Amino acid sequence: METLQGRTAVVTGSSRSIGRGIAERLAARGALVAVHYARDAASAQDVVDTIRKADGQAFAFGAELGGEGDAERFWAEFDVQRRAFSDDGDTGVDILVNNVAVALRDQFEDATSADFDRMMAVNIRAPFFIVQHALGRLRDGGRVINISSAVTRLGLPEVIAYGASKGALDSFSRILAKVLGPRGITVNVVAPGYVDTDSNADWLRHDENAWEETAAKSVFGRVGEPEDIGDAVALLASDSGRWITGQHIDVSGGTRM
Ligand code: NDP
């Protein structure tokens with residue numbers, strides 16, 4: 001297992017679900033992980049405690065994304081908690097994972113401008129400006145990994161606006177790879193398929209058939225776990241990922257191939 005010792009990773013929305021899986025995998029490889037949350041400080045602390053119990057390093061910081069000035073507040077709060085973690089004065093970042101998104105289920109006819117604006121604000125505007133405001137602290141040779149979704153390939157009508165926001169994230173990531181390439185920073189998209197998370201619990205675990213039908217969509221015949229995504233992110237974050245950039249990596253267990 002390649003080490004991430006000496007690297008600092010920031011994972012947005014890592015108090016639970018996929019973000020938690022990513023945070024725990026990066027920490028297991030030796031990275032210091034900043035566990036970000038919106039409101040659920042207790043869950044974020046639980047992730048930190050779990051990482052520390054396994055001899056890893058982590059701290060939590062909270063910042064709501066999706067409003068004016070969110071990226072500035074995000075990094076200001078990161079700085080406060082990073083300095084509280086250690087007085088070495090180092091607020092640099094090696095690995096930035098933009099994982100937060102809101103996924104509102106709207107058919108085209110029912111989509112509202114309020115839902116549309118909310119998803120654009122959280123799913124594309126926030127990561128765009130989080131990276132912009134991190135240009136000075138992102139270290140050369142670093143990694144930006146944006147969590148998109150297989151919906152941009154699958155084209156699911158029930159999440160049309162969400163899919164549009166993820167399409168924008170895909171496009172942003174490809175261009176950003178060119179912008180940050182001269183500094184040796186790779187930028188890639190990881191696109192999960194169906195994963196067993198809080199955001200899916202209402203429909204995935206509600207109906208008896210839903211689980212089986214969803215599992216059958218993967219060539220492996222199972223539903224994805226947050227750790228499946230975490231391992232893919234850790235791979236891109238490692239030194240072995242240095243020559244991979246501008247890519248859209250489907251991490252869906254071969255969903256609907
Ligand atoms: P969850 O909804 O289960 O987790 C959300 C996380 O994001 C929590 O840590 C939450 O913090 C934080 N968060 C939510 N809203 C905000 C906000 N406005 N500002 C700051 N933080 C916020 O997400 P998933 O694990 O399901 O999804 C993670 C990523 O994976 C998303 O980009 C999603 O689009 C993508 N994805 C997910 C799939 C799935 O099957 N679940 C499939 C394909 C892609 P708090 O705990 O404080 O609320």
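Modeller: Happy to! Let's begin with serine 17, which is found in helix H1. Please keep in mind that this is a predicted model. Serine 17 is buried, because 20 other C-beta atoms lie within 10 Å and the cut-off for buried is 20 or more. Its backbone deserves a look too: serine 17 has a positive phi of about 55 degrees, although it is not a glycine. For background, most residues other than glycine have a negative phi.

Helix H1 covers residues 17–28 and lies across strands S1 (8–11), S2 (32–37), S3, S4, S5 and S6 (186–192). Relative to S1, H1 runs at about 175 degrees.

That brings us to the sheet itself. Seven strands form an open sheet, with parallel pairing, in the order S3-S2-S1-S4-S5-S6-S7. At the edges sit strand S3 (57–62) and strand S7 (248–251), each of which pairs on one side only. From one strand to the next, the twist averages 20 degrees. For a detail within the sheet, take strand S4 (residues 93–98) and strand S5 (residues 138–147), which pair in the parallel sense over five bridges. Here isoleucine 95 stands opposite arginine 143 in S5.

Aspartate 55 lies in the loop between helix H2 (41–53) and S3. Phi of aspartate 55 is near 70 degrees, a positive value in a residue other than glycine. Aspartate 55 counts as exposed, because it has 9 C-beta neighbours inside 10 Å and the cut-off for exposed is 12 or fewer.

Next, a pair of helices. The axes of helix H3 (residues 70–85) and helix H4 (residues 113–132) come within 8 Å and cross at roughly 55 degrees. That angle makes H3 oblique to H4, and H3 passes H4 in a right-handed crossing. The residues making the contact are Asp70, Ala71 and Phe74 of H3, together with Ala126, Phe129, Ile130 and Gln132 of H4. Sorted by class, this contact of H3 with H4 has five nonpolar, one polar and one charged residues.

Let's finish at another loop. Proline 157 lies between helix H5 (151–154) and helix H6 (160–180), and it is exposed, with 10 other C-beta atoms within 10 Å. Leaving out residues up to four places away in sequence, proline 157 touches Gln107 and Phe108. Between the C-alpha atoms of proline 157 and histidine 248, which are 91 residues apart along the chain, the separation is 21 Å.

Technical notes. Residues are numbered from 1 along each chain as its sequence is written. This is a predicted model: local features need pLDDT of at least 70, side-chain atom pairs count only at pLDDT 80 or more; totals for chains, interfaces and linings use all residues. Two strands pair if DSSP finds at least two bridges between them. Helices (H or I, at least four residues) and strands (E, at least two) are DSSP runs, numbered from the N terminus. Axes are lines fitted to C-alpha atoms, for helices over the stretch in contact, and angles run from 0 to 180 degrees between N-to-C directions. Two residues are in contact if their C-beta atoms, placed from the backbone, lie within 7 Å. Angles under 35 degrees count as roughly parallel, over 145 as roughly antiparallel, 65 to 115 as roughly perpendicular and the rest as oblique. A crossing is left-handed if the near helix is turned anticlockwise from the far one by less than a right angle, and right-handed if clockwise. Ala, Val, Leu, Ile, Met, Phe, Trp, Tyr, Cys and Pro count as nonpolar, Asp, Glu, Lys and Arg as charged, and the others, Gly among them, as polar.
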